[in-house]
Amino acid sequence: MSLSEVIYLGQKILLFKTPAKIVDEINLTYDNNIKELKKHNQHLAGKIVDEHKIDDKLSNEVKGYFRSCFMSYLIHSKIIYNINLASAWVNEMKANEYNPIHHHTGKQSFLGLSSVMMLKKPKTYGEEYSRKDNPGNGQLEFIGSGGMLSYNQCRIDAKVGELFIFPYDLLHGVYPFNSTTECRRTISYNCDLTKLSQSPI
């Protein structure tokens, strides 16, 4: 785990560079179990055919990696809570699919952290229909709540292995892409936060 960058949009987004070993294991777990993974679409905002719940298939090592990154976020923010790993799912976007702007919620707590890790991406996101100098196809966008003189929007062409950790209520989405049969694969993991005096459910 290597903290690479901190992005401030009123709230913080922490960017980690994930070891290739972890990325490869998650991809292999998804590929080897795809036929038995439960569809997760009804719980998600995405306009994506292939969205599958995967947390019960992830190894303790992978879960431990996410837990340590969530803990790093809390330490960086100088706050202390119980970390309760919740659901994890894979989004496998294909051409013309997209993830509209949305936020996340928890089952145990309204307070929590979520994440997006890039697992695979196409060689190209296709044609930019205008403003080729300001690409958007396939990009992850975060939207903060700052005012006129604040930095409140961040569009990212995420690289394989990059992991973004952010609070549940930070708005984010992914733009569609075109002109390729390759997929854009990510995993998201939610982490409910509870007070230390409150036992995890």
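Student: In what sense do E7 and E8 pair?

Tutor: Two strands pair if DSSP finds at least two bridges between them; strands (E, at least two residues) and helices (H or I, at least four) are DSSP runs, numbered from the N terminus. Here E7 and E8 pair in the antiparallel sense over four bridges, and Ile143 stands opposite Gln153 in E8. E7 also pairs with strand E10 (residues 171-174), antiparallel again, over four bridges; there Phe142 has His172 as its bridge partner. Keep in mind that this is a predicted model: local features need pLDDT of at least 70, side-chain atom pairs count only at pLDDT 80 or more, and totals for chains, interfaces and linings use all residues. Residues are numbered from 1 along each chain as its sequence is written, and side-chain values use heavy atoms, leaving out hydrogens and water.

Student: What sits between E7 and E8?

Tutor: A loop, and Gly147 is in it, between strand E7 (140-143) and strand E8 (153-156).

Student: Why does Gly147 count as partly exposed?

Tutor: Buried means under 20% relative accessible area, exposed over 50%, and partly exposed in between (1.4 Å probe, protein chains only). Gly147 has 45% relative accessibility, so it counts as partly exposed.

Student: Which residues of H1 are buried?

Tutor: Ile22, Val23, Ile26, Asn27, Thr29, Tyr30 and Asn33. Seen down the axis of H1, they fall within an arc of 160° (taken from the directions from the helix axis to the C-beta atoms), so they line one face of the helix. On the other side of H1, Ala20, Lys21, Leu28 and Asn32 are exposed.
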